Amino acid sequence: MSVAAGRPKGDSDARARLIAAALHCFSHQSFAKVSTRQLAREAGVDAALIRYYFGSKLGLFEQMFRETLAPVLARFRQQPKPQFPLDLASLMQTYYSIMVPNPGLPRLVLRVLQEEEGTALHQVVMGLFGEIMQLSRQWLTQALMASGRLRPDVEPQLAQFSFASLMVFPLIAPTPLVRLFGVDLNPQGLTDLIAHNVQVMEKGLLLPQERAG
C-alpha cells in the first residue's frame, strides 16, 4: 500500500503510539494542559503526525476515547445472554479492565461534562457518552426482557440508572471516599465489588429465578 502524499516521516506504528500517549496524557492532565508537543514527545514521533492521522489534538482525543472504549461498545452490541444477571458481571469486568488502569480518564470525562459546556470538546464527549448510554440502555432493556425477571414494581428506566450508578460511581468517586469505605480497586477488590453489585441487582430489582416468566 502506498504512503499518502505529504505524510511526515515516522515509524509504521506511530498512530498506535499516539493513541497510547493520548490515553496516558489525558488520564493525568486536563485536555487544555496537554499540548501536541507533549503528546508527540510521549509517543516518540513527529508532532506533524497528529495532524496527519487525526486532524488535530481534539481528533486524537476523540479517536483515543473511541478505541479505548471499543471493547465495551462491542460488548453492548452483543445480544444479552440468557444467564442474566451473570452477563452483567462479564460486562462490568470488561468495563473495569479498561478503566481501572486509567483512573484519570472517567474523571476527565466527568469534568468535561460539568465544566466545558458549549466547547468542541464537550460536544465530542457528549456524542461519545450519548452513544455509550444509548447502547447500554438498549442492552439492559433487552437483558431484562429476555430474562423476564424484572420485578413488576420496579421502573425499568430507574433500574437502568441503578445499574449505571453501580458500575460507574466507584471509578469517579474521590479516592479518599473510596478508601473511607474500605474498598480497594485492585483485581480482588473489583471481583468482590462485581459480585456484590450482581447481588444488589438480584435481591433488589429481580424476581427469584423460579418466579420468572
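Visitor: How many residues does helix H11 have, and how far does it reach from its first C-alpha to its last?

Guide: Helix H11 covers residues 187–205, which is 19 residues, and it reaches 26 Å from its first C-alpha to its last. That is close to the 27 Å expected at 1.5 Å a residue, where the expected span is 1.5 Å times one less than the number of residues. This is a predicted model, in which local features need pLDDT of at least 70 and side-chain atom pairs count only at pLDDT 80 or more, while totals for chains, interfaces and linings use all residues. Residues are numbered from 1 along each chain as its sequence is written, and side-chain values use heavy atoms, with hydrogens and water left out.

The buried residues of H11 are Gly189, Leu190, Leu193, Ile194, Asn197, Val198, Met201 and Leu205. Buried means under 20% relative accessible area, exposed means over 50%, and partly exposed lies in between (1.4 Å probe, protein chains only). An α-helix has 3.6 residues a turn, so residues three or four places apart point the same way.

Now the rest of the chain. The protein chain has 11 helices and 0 strands; both are DSSP runs numbered from the N terminus, a helix being H or I with at least four residues and a strand being E with at least two. Read along the sequence, the pattern is α-α-α-α-α-α-α-α-α-α-α. Of the chain's 213 residues, 40% count as buried. Among contacts with a separation of 6 or more, 71% join residues 24 or more positions apart, a contact being heavy atoms within 4.5 Å.

A loop gives one example of such details. Asn102 lies between H6 and H7, and at 15% relative accessibility it counts as buried. Leaving aside neighbours within four places in sequence, Asn102 is in contact with Leu23 and Ser27.

Next come the charged pairs. Side chains of opposite charge can pair when their charged atoms come close. The structure holds 6 salt bridges, each a side-chain nitrogen of Lys or Arg within 4 Å of a carboxyl oxygen of Asp or Glu. One of them joins Arg17 to Asp13, with the closest N and O atoms 3.2 Å apart. Both partners are partly exposed: Arg17 has a relative accessible area of 24%, and Asp13 has 37%.

Another salt bridge links Arg66 and Glu62, at 3.7 Å from N to O. These two residues are 4 residues apart in helix H4 (residues 57–68), so about one helical turn separates them. Arg66 is partly exposed at 32%, and Glu62 is partly exposed at 28%. Asp153 pairs with Arg151, and here the closest N and O atoms are 3.0 Å apart. Asp153 is exposed at 56%, whereas Arg151 is partly exposed at 29%. Through salt bridges with shared partners, Glu62, Arg66, Arg77 and Glu131 form one network.

The whole structure contains 1 cavity of 30 Å³ or more, and the largest cavity has a volume of about 40 Å³. On a 1 Å grid over the protein atoms alone, a cavity is a set of points where a 1.4 Å probe fits but cannot get out; a pocket is an open set with protein on both sides within 12 Å along at least five of seven lines; lining residues have an atom within 4 Å of a point. Points are joined across faces, edges and corners, and a volume is the space filled by probe spheres set on them.

The largest cavity is lined by Phe65, Arg66, Leu69, Leu73, Leu128, Glu131 and Ile132. H4 and H8 are the elements that give two or more residues to this lining, and H8 gives the most, with 3. By class, the lining has 5 nonpolar, no polar and 2 charged residues. Ala, Val, Leu, Ile, Met, Phe, Trp, Tyr, Cys and Pro count as nonpolar, Asp, Glu, Lys and Arg as charged, and the others, Gly among them, as polar.

The largest pocket holds about 600 Å³ of space. Its lining has 26 residues, with Tyr95, Phe129, Met133, Ala164 and Val168 nearest the centre. Helices H5 (70–77), H6 (86–99), H7 (104–115), H8 (120–147) and H9 (156–172) each supply at least two lining residues. The largest share, 10 residues, comes from H9. The pocket lining divides into 21 nonpolar, 4 polar and 1 charged.
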